[in-house]
Amino acid sequence: MRPSLMRSTSQLLRRRSYSSASGQPERKVAILGAAGGIGQPLSLLMKLNPLVSSLSLYDIAGTPGVAADVSHINSPALVKGFMGDEQLGEALEGSDVVIIPAGVPRKPGMTRDDLFNINAGIVKNLSTAIAKYCPNALVNMISNPVNSTVPIAAEVFKKAGTYDEKKLFGVTTLDVVRAKTFYAGKANLPVTDVNVPVVGGHAGITILPLFSQATPATNALSDEDIKALTKRTQDGGTEVVEAKAGKGSATLSMAYAGAVFADACLKGLNGVPDIVECSFVQSTVTELPFFASKAWEEWS
Ligand code: NAD
(Lines give C-alpha, C1' and ligand atoms only; values in the text may rest on other atoms or scores of the structure.)
Protein backbone atom coordinates (compact mmCIF):
# COMPACT_ATOMS: atom_id res chain seq x y z
CA MET A 1 0.00 0.00 0.00
CA ARG A 2 1.35 3.41 -0.94
CA PRO A 3 0.60 5.73 1.91
CA SER A 4 -0.26 9.34 1.38
CA LEU A 5 2.52 11.83 1.87
CA MET A 6 2.38 15.17 3.57
CA ARG A 7 3.95 18.01 1.61
CA SER A 8 7.31 19.31 2.65
CA THR A 9 6.96 22.56 4.53
CA SER A 10 10.67 23.31 4.65
CA GLN A 11 10.06 26.82 3.30
CA LEU A 12 7.68 27.45 6.16
CA LEU A 13 10.33 26.16 8.55
CA ARG A 14 12.95 28.57 7.23
CA ARG A 15 10.72 31.51 8.05
CA ARG A 16 10.05 30.25 11.58
CA SER A 17 11.25 31.97 14.71
CA TYR A 18 12.87 29.71 17.26
CA SER A 19 12.30 29.68 20.98
CA SER A 20 15.59 30.50 22.65
CA ALA A 21 14.67 28.41 25.70
CA SER A 22 13.94 25.08 24.02
CA GLY A 23 15.66 25.40 20.64
CA GLN A 24 12.36 24.23 19.11
CA PRO A 25 10.54 26.25 16.44
CA GLU A 26 7.69 28.39 17.80
CA ARG A 27 4.46 26.54 17.06
CA LYS A 28 0.91 27.76 17.44
CA VAL A 29 -1.88 25.21 17.90
CA ALA A 30 -5.54 26.22 17.77
CA ILE A 31 -8.33 24.05 19.16
CA LEU A 32 -11.82 24.83 17.82
CA GLY A 33 -14.46 23.50 20.19
CA ALA A 34 -12.05 23.79 23.12
CA ALA A 35 -14.71 24.03 25.83
CA GLY A 36 -16.34 20.71 24.93
CA GLY A 37 -16.02 17.19 26.25
CA ILE A 38 -13.05 16.46 23.99
CA GLY A 39 -11.84 20.05 23.77
CA GLN A 40 -11.10 20.47 27.48
CA PRO A 41 -8.88 17.42 28.06
CA LEU A 42 -7.31 18.00 24.65
CA SER A 43 -6.48 21.57 25.69
CA LEU A 44 -4.85 20.16 28.82
CA LEU A 45 -2.79 17.64 26.87
CA MET A 46 -1.65 20.21 24.29
CA LYS A 47 -0.69 22.59 27.12
CA LEU A 48 1.60 19.81 28.36
CA ASN A 49 3.18 19.28 24.93
CA PRO A 50 6.65 20.90 24.92
CA LEU A 51 6.45 21.46 21.13
CA VAL A 52 3.58 23.95 21.57
CA SER A 53 4.59 27.55 22.22
CA SER A 54 1.17 29.14 21.75
CA LEU A 55 -2.17 27.48 22.45
CA SER A 56 -5.30 29.15 21.14
CA LEU A 57 -8.56 27.89 22.60
CA TYR A 58 -11.71 28.77 20.66
CA ASP A 59 -15.37 27.89 21.23
CA ILE A 60 -18.72 29.57 20.80
CA ALA A 61 -19.05 29.58 24.62
CA GLY A 62 -17.05 28.81 27.73
CA THR A 63 -13.51 29.34 26.52
CA PRO A 64 -12.46 32.12 28.92
CA GLY A 65 -12.87 29.74 31.86
CA VAL A 66 -11.10 26.84 30.17
CA ALA A 67 -8.25 29.11 29.04
CA ALA A 68 -7.82 30.68 32.49
CA ASP A 69 -7.79 27.24 34.10
CA VAL A 70 -5.33 25.63 31.65
CA SER A 71 -3.10 28.73 31.57
CA HIS A 72 -2.14 28.23 35.24
CA ILE A 73 -0.26 25.03 34.43
CA ASN A 74 3.48 25.65 34.60
CA SER A 75 4.41 24.48 31.12
CA PRO A 76 5.81 26.77 28.40
CA ALA A 77 2.82 27.14 26.02
CA LEU A 78 1.12 30.54 26.28
CA VAL A 79 -2.64 30.07 26.41
CA LYS A 80 -5.29 32.43 25.09
CA GLY A 81 -9.04 31.91 25.00
CA PHE A 82 -11.32 33.18 22.23
CA MET A 83 -15.10 33.11 22.11
CA GLY A 84 -17.64 33.76 19.37
CA ASP A 85 -17.46 34.47 15.66
CA GLU A 86 -15.84 37.89 16.06
CA GLN A 87 -12.77 36.36 17.76
CA LEU A 88 -12.34 33.38 15.44
CA GLY A 89 -9.90 35.16 13.10
CA GLU A 90 -7.59 36.15 15.93
CA ALA A 91 -7.80 32.64 17.36
CA LEU A 92 -6.65 31.16 14.06
CA GLU A 93 -4.12 33.68 12.80
CA GLY A 94 -0.61 32.20 12.56
CA SER A 95 -1.67 28.69 13.53
CA ASP A 96 0.53 25.81 12.43
CA VAL A 97 -1.94 23.12 13.47
CA VAL A 98 -5.71 23.51 13.87
CA ILE A 99 -7.57 20.76 15.71
CA ILE A 100 -11.37 20.65 15.29
CA PRO A 101 -13.46 18.84 17.93
CA ALA A 102 -16.38 21.31 17.48
CA GLY A 103 -19.85 19.90 17.05
CA VAL A 104 -22.43 17.64 18.63
CA PRO A 105 -21.58 14.09 19.77
CA ARG A 106 -23.68 10.94 19.43
CA LYS A 107 -26.35 9.72 21.82
CA PRO A 108 -27.31 6.02 22.16
CA GLY A 109 -28.97 4.72 18.99
CA MET A 110 -27.39 7.37 16.75
CA THR A 111 -24.89 6.68 14.00
CA ARG A 112 -22.15 9.17 13.16
CA ASP A 113 -24.13 10.02 10.02
CA ASP A 114 -26.98 11.29 12.21
CA LEU A 115 -24.67 14.14 13.23
CA PHE A 116 -24.20 15.28 9.64
CA ASN A 117 -26.87 17.99 9.49
CA ILE A 118 -25.49 19.96 12.44
CA ASN A 119 -21.78 19.24 12.21
CA ALA A 120 -21.49 19.77 8.45
CA GLY A 121 -22.50 23.41 8.87
CA ILE A 122 -20.13 23.94 11.80
CA VAL A 123 -17.22 22.41 9.91
CA LYS A 124 -18.03 24.43 6.79
CA ASN A 125 -17.94 27.71 8.73
CA LEU A 126 -14.76 26.85 10.61
CA SER A 127 -13.03 25.69 7.41
CA THR A 128 -13.97 28.95 5.70
CA ALA A 129 -12.25 30.83 8.51
CA ILE A 130 -9.18 28.57 8.36
CA ALA A 131 -8.87 29.26 4.61
CA LYS A 132 -8.94 32.97 5.39
CA TYR A 133 -6.77 33.24 8.50
CA CYS A 134 -4.31 30.31 8.44
CA PRO A 135 -4.45 28.70 5.00
CA ASN A 136 -1.13 26.88 5.54
CA ALA A 137 -2.10 25.16 8.78
CA LEU A 138 -2.32 21.39 9.13
CA VAL A 139 -5.97 20.66 9.88
CA ASN A 140 -6.83 17.77 12.23
CA MET A 141 -10.55 17.01 11.84
CA ILE A 142 -12.12 15.25 14.82
CA SER A 143 -15.78 16.31 14.32
CA ASN A 144 -17.98 13.48 13.11
CA PRO A 145 -18.91 12.06 10.71
CA VAL A 146 -15.21 12.25 9.79
CA ASN A 147 -16.00 10.36 6.55
CA SER A 148 -18.01 13.44 5.51
CA THR A 149 -16.50 16.37 7.42
CA VAL A 150 -13.09 15.86 5.79
CA PRO A 151 -14.52 16.03 2.22
CA ILE A 152 -16.57 19.09 3.28
CA ALA A 153 -13.43 20.88 4.50
CA ALA A 154 -11.65 19.88 1.27
CA GLU A 155 -14.43 21.45 -0.83
CA VAL A 156 -14.36 24.66 1.22
CA PHE A 157 -10.57 24.91 0.84
CA LYS A 158 -10.83 24.18 -2.92
CA LYS A 159 -13.39 26.95 -3.32
CA ALA A 160 -11.11 29.33 -1.42
CA GLY A 161 -8.12 28.26 -3.55
CA THR A 162 -6.16 27.11 -0.49
CA TYR A 163 -6.61 23.33 -0.66
CA ASP A 164 -3.51 21.26 -0.07
CA GLU A 165 -4.51 17.62 0.25
CA LYS A 166 -1.34 16.88 2.21
CA LYS A 167 -2.49 19.15 5.04
CA LEU A 168 -6.01 17.91 5.74
CA PHE A 169 -6.44 14.90 8.05
CA GLY A 170 -9.43 13.11 9.49
CA VAL A 171 -8.32 11.99 12.93
CA THR A 172 -8.82 8.21 13.10
CA THR A 173 -6.18 7.75 15.78
CA LEU A 174 -8.77 6.60 18.31
CA ASP A 175 -9.44 3.56 16.13
CA VAL A 176 -5.71 2.80 16.24
CA VAL A 177 -5.56 3.41 19.99
CA ARG A 178 -8.47 1.01 20.53
CA ALA A 179 -7.06 -1.63 18.19
CA LYS A 180 -3.73 -1.52 20.03
CA THR A 181 -5.37 -1.81 23.45
CA PHE A 182 -7.70 -4.66 22.49
CA TYR A 183 -5.01 -6.59 20.57
CA ALA A 184 -2.45 -6.27 23.37
CA GLY A 185 -5.03 -7.34 25.95
CA LYS A 186 -6.15 -10.41 24.01
CA ALA A 187 -2.64 -11.49 22.94
CA ASN A 188 -1.20 -10.71 26.37
CA LEU A 189 1.47 -8.39 24.95
CA PRO A 190 2.85 -5.21 26.54
CA VAL A 191 0.52 -2.57 25.12
CA THR A 192 3.21 0.08 24.69
CA ASP A 193 5.11 -2.20 22.26
CA VAL A 194 2.07 -2.83 20.08
CA ASN A 195 1.19 -1.24 16.77
CA VAL A 196 -1.86 -1.94 14.59
CA PRO A 197 -2.56 -0.10 11.33
CA VAL A 198 -6.21 0.82 10.85
CA VAL A 199 -7.36 1.75 7.34
CA GLY A 200 -10.60 2.58 5.55
CA GLY A 201 -12.92 5.08 7.15
CA HIS A 202 -14.16 6.17 10.55
CA ALA A 203 -17.63 4.67 10.96
CA GLY A 204 -18.65 1.12 11.89
CA ILE A 205 -17.68 -1.39 9.22
CA THR A 206 -15.59 1.16 7.33
CA ILE A 207 -13.06 0.94 10.20
CA LEU A 208 -10.62 -1.79 9.12
CA PRO A 209 -8.02 -2.77 11.71
CA LEU A 210 -5.28 -4.80 10.00
CA PHE A 211 -4.45 -7.28 12.75
CA SER A 212 -2.56 -9.34 10.17
CA GLN A 213 -0.03 -6.46 10.07
CA ALA A 214 0.02 -5.88 13.82
CA THR A 215 3.39 -5.82 15.55
CA PRO A 216 4.61 -7.71 17.41
CA ALA A 217 2.99 -10.61 15.52
CA THR A 218 1.38 -13.31 17.61
CA ASN A 219 0.12 -16.81 17.01
CA ALA A 220 -1.90 -16.67 20.22
CA LEU A 221 -5.03 -15.47 18.40
CA SER A 222 -7.52 -17.62 16.49
CA ASP A 223 -9.54 -16.44 13.49
CA GLU A 224 -12.48 -16.10 15.87
CA ASP A 225 -10.39 -13.89 18.17
CA ILE A 226 -9.42 -11.66 15.22
CA LYS A 227 -13.07 -11.38 14.16
CA ALA A 228 -14.07 -10.41 17.68
CA LEU A 229 -11.22 -7.87 17.95
CA THR A 230 -12.22 -6.38 14.59
CA LYS A 231 -15.83 -6.02 15.66
CA ARG A 232 -14.88 -4.52 19.02
CA THR A 233 -12.63 -1.96 17.32
CA GLN A 234 -15.37 -1.07 14.82
CA ASP A 235 -17.94 -0.74 17.61
CA GLY A 236 -15.58 0.94 20.09
CA GLY A 237 -17.27 4.32 19.77
CA THR A 238 -20.70 2.78 20.28
CA GLU A 239 -19.44 0.87 23.35
CA VAL A 240 -18.58 4.24 24.95
CA VAL A 241 -21.76 5.99 23.76
CA GLU A 242 -23.88 3.24 25.32
CA ALA A 243 -21.86 3.20 28.56
CA LYS A 244 -22.26 6.98 28.84
CA ALA A 245 -26.01 6.47 28.37
CA GLY A 246 -26.89 9.82 26.83
CA LYS A 247 -23.98 11.83 28.20
CA GLY A 248 -22.06 11.93 24.92
CA SER A 249 -19.37 9.87 23.22
CA ALA A 250 -15.68 9.20 23.84
CA THR A 251 -13.98 12.31 25.18
CA LEU A 252 -10.97 11.30 27.30
CA SER A 253 -9.63 8.57 25.01
CA MET A 254 -10.41 10.84 22.04
CA ALA A 255 -8.51 13.72 23.61
CA TYR A 256 -5.54 11.37 24.12
CA ALA A 257 -5.78 10.18 20.50
CA GLY A 258 -6.11 13.78 19.24
CA ALA A 259 -3.05 14.78 21.24
CA VAL A 260 -1.05 11.86 19.81
CA PHE A 261 -1.97 12.85 16.26
CA ALA A 262 -1.31 16.57 16.79
CA ASP A 263 2.05 15.72 18.34
CA ALA A 264 2.93 13.70 15.22
CA CYS A 265 1.99 16.70 13.06
CA LEU A 266 4.19 19.03 15.14
CA LYS A 267 7.11 16.61 15.00
CA GLY A 268 6.69 16.29 11.23
CA LEU A 269 6.59 20.08 10.84
CA ASN A 270 9.75 20.32 12.94
CA GLY A 271 11.56 17.94 10.61
CA VAL A 272 11.62 14.84 12.80
CA PRO A 273 12.03 11.91 10.36
CA ASP A 274 9.85 8.80 10.05
CA ILE A 275 6.73 10.14 11.73
CA VAL A 276 3.94 7.81 10.63
CA GLU A 277 0.29 7.79 11.73
CA CYS A 278 -2.85 6.41 10.11
CA SER A 279 -5.39 9.07 9.17
CA PHE A 280 -8.32 9.70 6.82
CA VAL A 281 -6.89 11.64 3.88
CA GLN A 282 -7.35 12.27 0.17
CA SER A 283 -6.05 9.07 -1.30
CA THR A 284 -5.20 7.04 -4.37
CA VAL A 285 -4.86 3.79 -2.40
CA THR A 286 -8.34 2.65 -3.59
CA GLU A 287 -10.89 4.08 -6.02
CA LEU A 288 -12.35 6.06 -3.12
CA PRO A 289 -11.37 9.74 -3.02
CA PHE A 290 -10.68 9.65 0.73
CA PHE A 291 -9.32 6.67 2.62
CA ALA A 292 -7.55 6.18 5.94
CA SER A 293 -4.04 4.77 5.62
CA LYS A 294 -0.60 5.50 6.94
CA ALA A 295 0.47 9.10 6.43
CA TRP A 296 3.93 10.45 7.02
CA GLU A 297 6.01 13.52 6.56
CA GLU A 298 8.34 13.72 3.59
CA TRP A 299 11.00 16.38 3.57
CA SER A 300 12.67 17.28 0.31
P1 NAD B 1 -19.31 18.38 23.10
O2 NAD B 1 -20.72 18.73 22.80
O3 NAD B 1 -18.95 18.02 24.49
O4 NAD B 1 -18.36 19.59 22.67
C5 NAD B 1 -18.46 20.20 21.43
C6 NAD B 1 -18.03 21.64 21.58
O7 NAD B 1 -18.10 22.24 20.28
C8 NAD B 1 -18.92 22.47 22.54
O9 NAD B 1 -18.12 23.11 23.51
C10 NAD B 1 -19.59 23.47 21.62
O11 NAD B 1 -19.80 24.73 22.22
C12 NAD B 1 -18.55 23.56 20.50
N13 NAD B 1 -19.06 24.14 19.25
C14 NAD B 1 -20.26 23.98 18.67
N15 NAD B 1 -20.33 24.72 17.55
C16 NAD B 1 -19.13 25.35 17.43
C17 NAD B 1 -18.59 26.27 16.49
N18 NAD B 1 -19.29 26.69 15.45
N19 NAD B 1 -17.34 26.71 16.71
C20 NAD B 1 -16.61 26.30 17.76
N21 NAD B 1 -17.08 25.45 18.69
C22 NAD B 1 -18.33 24.99 18.52
O23 NAD B 1 -18.88 17.20 22.08
P24 NAD B 1 -17.58 16.26 22.16
O25 NAD B 1 -17.90 15.05 22.94
O26 NAD B 1 -16.41 17.09 22.53
O27 NAD B 1 -17.47 15.81 20.61
C28 NAD B 1 -17.14 16.73 19.63
C29 NAD B 1 -17.13 16.07 18.25
O30 NAD B 1 -16.12 15.06 18.17
C31 NAD B 1 -18.44 15.35 17.90
O32 NAD B 1 -18.74 15.58 16.55
C33 NAD B 1 -18.10 13.88 18.08
O34 NAD B 1 -18.90 13.03 17.31
C35 NAD B 1 -16.67 13.89 17.60
N36 NAD B 1 -15.88 12.71 17.99
C37 NAD B 1 -14.97 12.25 17.11
C38 NAD B 1 -14.20 11.14 17.41
C39 NAD B 1 -13.19 10.63 16.43
O40 NAD B 1 -12.66 9.53 16.64
N41 NAD B 1 -12.83 11.37 15.39
C42 NAD B 1 -14.37 10.50 18.65
C43 NAD B 1 -15.29 11.00 19.54
C44 NAD B 1 -16.06 12.11 19.20
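## The ligand and its surroundings

The ligand is surrounded by 28 residues, and the closest are Gly-37, Ile-38, Asp-59, Ile-142 and His-202. Here a residue is near a molecule if one of its heavy atoms lies within 4 Å of it. The model is predicted: local features need pLDDT of at least 70, side-chain atom pairs count only at pLDDT 80 or more, and totals for chains, interfaces and linings use all residues. Residues are numbered from 1 along each chain as its sequence is written, and side-chain values use heavy atoms, with hydrogens and water left out.

An oxygen atom of the ligand lies 2.6 Å from a polar side-chain atom of Asp-59. For Val-104, a polar backbone atom is 3.0 Å from an oxygen atom of the ligand. His-202 has a polar side-chain atom 3.0 Å from an oxygen atom of the ligand. Taken alone, the ligand exposes 870 Å², of which the protein buries 85%; accessible areas come from the Shrake-Rupley method with a 1.4 Å probe.

## His-202

An unreviewed UniProt entry places the feature "active site" at His-202. Such annotations may be inferred rather than shown by experiment. The residue is found in the loop between strand E8 (198-200) and strand E9 (207-209). Strands (at least two residues) and helices (at least four) are DSSP runs, numbered from the N terminus.

His-202 counts as buried because its relative accessibility is 7%, and buried means under 20% relative accessible area, with a 1.4 Å probe and protein chains only. Leaving aside neighbours within four places in sequence, His-202 is in contact (heavy atoms within 4.5 Å) with Arg-112, Asn-144, Val-146, Asn-147, Thr-172, Asp-175 and Ile-207.

## Ala-34

Ala-34 lies in the loop between strand E2 (28-32) and helix H2 (39-47). With 0% relative accessibility, Ala-34 counts as buried.

Beyond residues up to four places away in sequence, Ala-34 touches several others, including Leu-57, Tyr-58, Asp-59 and Thr-63. Ala-34 and Thr-63 are 29 residues apart along the chain, and their C-alpha atoms are separated by 6.7 Å.

## Helix H10

Helix H10 covers residues 252-269, and at 1.5 Å a residue its 18 residues should span 26 Å; the end C-alpha atoms are 26 Å apart, which agrees. The expected span is 1.5 Å times one less than the number of residues.

Of the 18 residues in H10, 13 are buried, so the helix is mostly covered. Gly-271 follows H10 and has a positive phi, near 90°.

Technical notes. Buried < 20%, exposed > 50% of the residue type's maximum accessible area, 1.4 Å probe, protein only. Polar contact = N/O pair within 3.5 Å; in protein donor to acceptor, adjacent residues only side chain to side chain.
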